[in-house]
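Subject: Structure handover

Hello,

Here is the structure you will be working with. Please open it alongside this email, and then read on for what turned up.

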Amino acid sequence: MPEQKRVMISSTARDLPEHRDQVKEACLRQGFFPVMMEHLDAIDEDAAAASLRMVDEADVYLAILANRYGYVPKGHDVSITEMEYDRAVSRGLPRLVFLIDKAHKITIEDVELGEGAVKLQTLKQRLQTENIVNFFESPTDLRAHAISSLSKLRE
């Protein structure tokens, strides 16, 4: 039996827990193993190093971007999410990128303002230039897109 391919699920966590659960389910339905920060044991390692290690151990990178840029560790200029994407690019991993659609319902708490919003917009433009992206209108819509994309990747 072939070894199960590992999918690194990358996103901000606070605003997208339901979305992350739906993508995890999509991975499992398509025979992929989801790799997620919330599955890590408590360890003495900073979040950026742990995230990059997970990308290094993955076979596929899957990004979900909504309205938050995410945590920028002290001494860095970019968020952990953008670091993860950069690592996936440098490794030449297949990349599946999903961006929130304007029709998706959100709350004000889910929206980052200021410098983070500017960096997020720049990152989204970059992702759309470097990848074919899908837009999702809800967590279940995201799951459907992820299942379809993973299915094609599996073939």
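A salt bridge here is a side-chain nitrogen of Lys or Arg within 4 Å of a carboxyl oxygen of Asp or Glu. By that rule, the count is seven salt bridges.

A word on the source. This is a predicted model, where local features need pLDDT of at least 70 and side-chain atom pairs count only at pLDDT 80 or more, while totals for chains, interfaces and linings use all residues. Residues are numbered from 1 along each chain as its sequence is written, and side-chain values use heavy atoms, leaving out hydrogens and water.

Start with R87 and D56. Their closest N and O atoms are 2.7 Å apart. Helices are DSSP runs of H or I, at least four residues long, numbered from the N terminus.

Next, E57 pairs with R53, at 3.9 Å between the closest N and O atoms. E57 is partly exposed, with a relative accessible area of 39%. R53 is partly exposed too, at 28%. The cut-offs: buried is under 20% relative accessible area, exposed is over 50%, and partly exposed is in between (1.4 Å probe, protein chains only).

Then look at helix α4 (residues 115–130). E115 and K119 both sit in it, four residues apart, about one turn of the helix. Their salt bridge spans 3.4 Å, N to O. E115 is exposed at 57%, whereas K119 is partly exposed at 23%.

Finally, find the network: salt bridges link E82, D86, R126 and E130.

Best wishes

Conventions
Helix = DSSP H or I, 4+ residues; strand = E, 2+ residues; numbered from the N terminus.
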